[in-house]
Amino acid sequence: MTDSKKTSETSSSGWGQAAAKAFDAVAAVRMFIKEIKDSITEHWDWLLRRVEYLFVVYMWISVGILLMVLGVFDLIIDYGRVPKGVVYSIGGLLIFLVAIIFLQAAKMKRWKK
């Protein structure tokens with residue numbers, strides 16, 4: 001009777017240890033997945049904040065440049081006595097040429113990589 005009691009205790013403790021190890025493994029996997037999820041969420045939040053910041057800054061810069069260009073056009077129209085159509089056509093052509101130059105520079109930069 002003593003022998004059967006010892007074997008049942010060792011087998012139950014073996015099953016208990018196996019269950020505890022399985023529970024620990026499941027908990028570790030769950031914690032690992034939670035850490036990955038938190039890391040991805042944190043990185044995504046940082047990326048969104050960065051994009052919003054850059055959007056606002058570039059919007060301010062674009063609006064500032066637009067107002068400066070329109071101010072220069074207005075000065076040319078008022079003080080230079082140049083017709084509006086000519087000023088805006090030449091200004092649009094210059095902005096178009098600058099945009100083409102920037103696009104070509106970006107293409108060349110991409111090709112170098």
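**Helix contacts and surface**

Student: Is Asp38 buried, exposed or partly exposed?
Tutor: Asp38 has a relative accessible area of 35% and therefore counts as partly exposed, where buried means under 20%, exposed over 50% and partly exposed in between, with a 1.4 Å probe and protein chains only. This is a predicted model, in which local features need pLDDT of at least 70 and side-chain atom pairs count only at pLDDT 80 or more, while totals for chains, interfaces and linings use all residues. Residues are numbered from 1 along each chain as its sequence is written, and side-chain values use heavy atoms, with hydrogens and water left out.

Student: What does Asp38 form a salt bridge with?
Tutor: The partner is Lys34, and the closest N and O atoms are 3.2 Å apart; a salt bridge here is a side-chain nitrogen of Lys or Arg within 4 Å of a carboxyl oxygen of Asp or Glu. Both residues lie in helix α1, four residues apart, which is about one turn of the helix.

Student: And how many salt bridges does the structure hold?
Tutor: The structure holds one.

Student: Switching topic, how many helices and strands are there?
Tutor: The protein chain has two helices and zero strands, taken as DSSP runs numbered from the N terminus, with helices being H or I of at least four residues and strands E of at least two.

Student: How many aromatic pairs turn up in the whole structure?
Tutor: The search finds one. Phe73 and Tyr88 have ring centres 5.2 Å apart and planes at 85°, so the pair is edge-to-face. Rings of Phe, Tyr and Trp (its six-membered ring) pair if their centres lie within 6.5 Å, with planes under 30 degrees apart counted as stacked, over 60 as edge-to-face and the rest as tilted.

Student: Where do Phe73 and Tyr88 sit?
Tutor: Phe73 is in helix α1 and Tyr88 in helix α2 (residues 84–112), so that the pair, 15 residues apart, links distant parts of the chain. Phe73 counts as buried because its relative accessibility is 11%, whereas Tyr88, at 40%, counts as partly exposed.

Student: Which residues form the nonpolar patch on the surface?
Tutor: Phe55, Val56, Met59, Trp60, Val63, Leu66, Leu67, Leu70 and Tyr88 form it, with about 920 Å² of accessible area together, computed by the Shrake-Rupley method with a 1.4 Å probe and, for residues, only the protein chains shown as cover. Patches are made of residues with over 30% relative accessible area and no salt bridge, joining like charges within 9 Å and nonpolar side chains (Val, Leu, Ile, Met, Phe, Trp, Tyr) within 5 Å.

Student: Where does the largest share come from?
Tutor: Helix α1 (residues 2–80) supplies eight residues, the largest share.
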